[in-house]
Amino acid sequence: MPKSIPTTFFDMLPLPIIVVELNEETLNHTLVYLNNTFTNVIGWSLTEIPDKNHWWQKAYPDPHYQKVVESLWELSMESIDANNDSFVIVTVNIMTKYNGEKRFKVYTELKSALMDGYYVVAFEEINE
């Protein structure tokens, strides 16, 4: 894992966090870090979800729901103001490893303020 990732900072956060390596050559970005809260709440390990494609298979195992999430994501990307917005936010159901499906508000950084070449995805669980 790159030294530039402030793991101590991410591990103290109460929200599940994924750090993703930005790669302009592929849409299948590599997941490089999961904080302790991610492991405790969502459950998947870095070996189980090493990249975006693996994450999508675990988080959204139903192919039809994957398409719904993909459309929601694309719609959110189109509706943001790239000059003023620093996050894309979507609310989705995510399959956790041990506790079944849970609803989360997912915040994805558009450009990392902390680390060049990486971005952060944060998950806020919604208890309805």
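Visitor: How many aromatic pairs does the count come to here?

Guide: Rings of Phe, Tyr and Trp (its six-membered ring) pair if their centres lie within 6.5 Å; planes under 30 degrees apart count as stacked, over 60 as edge-to-face and the rest as tilted. By that rule there are 9 aromatic pairs. One of them is Phe 38 with Trp 55, a tilted pair with 5.8 Å from centre to centre and 55 degrees between the planes.

Visitor: Which parts of the chain does that pair link?

Guide: Distant ones: Phe 38 sits in helix 2 (residues 36-41) and Trp 55 in helix 3 (residues 52-59), 17 residues apart. Helices (H or I, at least four residues) and strands (E, at least two) are DSSP runs, numbered from the N terminus. Trp 55 also pairs with Tyr 60, this time edge-to-face, at 6.4 Å centre to centre and 75 degrees between the planes.

Before we go on, a word on the model: it is predicted, so local features need pLDDT of at least 70 and side-chain atom pairs count only at pLDDT 80 or more, while totals for chains, interfaces and linings use all residues. Residues are numbered from 1 along each chain as its sequence is written, and side-chain values use heavy atoms, with hydrogens and water left out.

Visitor: Are Phe 38 and Trp 55 buried or exposed?

Guide: Buried means under 20% relative accessible area, exposed over 50%, and partly exposed in between (1.4 Å probe, protein chains only). Phe 38 and Trp 55 are both buried, and Tyr 60 is buried as well.

Visitor: Which residues do ring pairs link into a cluster?

Guide: Phe 38, Trp 55, Trp 56, Tyr 60, Tyr 65, Phe 104 and Phe 123.

Visitor: And where is Ser 112 found?

Guide: Look in the loop between strand 4 (101-109) and strand 5 (118-125). Ser 112 is buried, at 10% relative accessible area. Contact means heavy atoms within 4.5 Å; leaving out residues up to four places away in sequence, Ser 112 touches Tyr 118 and Tyr 119. Ser 86 is 26 residues from Ser 112 in sequence, yet their C-alpha atoms are 8.5 Å apart.

Visitor: Zooming out, how many helices and strands does the protein chain have?

Guide: There are 4 helices and 5 strands, running α-β-β-α-α-α-β-β-β from the N terminus.

Visitor: What radius of gyration does the protein chain have?

Guide: The radius is taken over C-alpha atoms, and the globule rule is 2.2 Å times the number of residues to the power 0.38. For 128 residues, a compact globule would have a value near 14 Å, and the protein chain agrees, with 14 Å. Its C-alpha trace spans about 35 × 30 × 30 Å along the principal axes.
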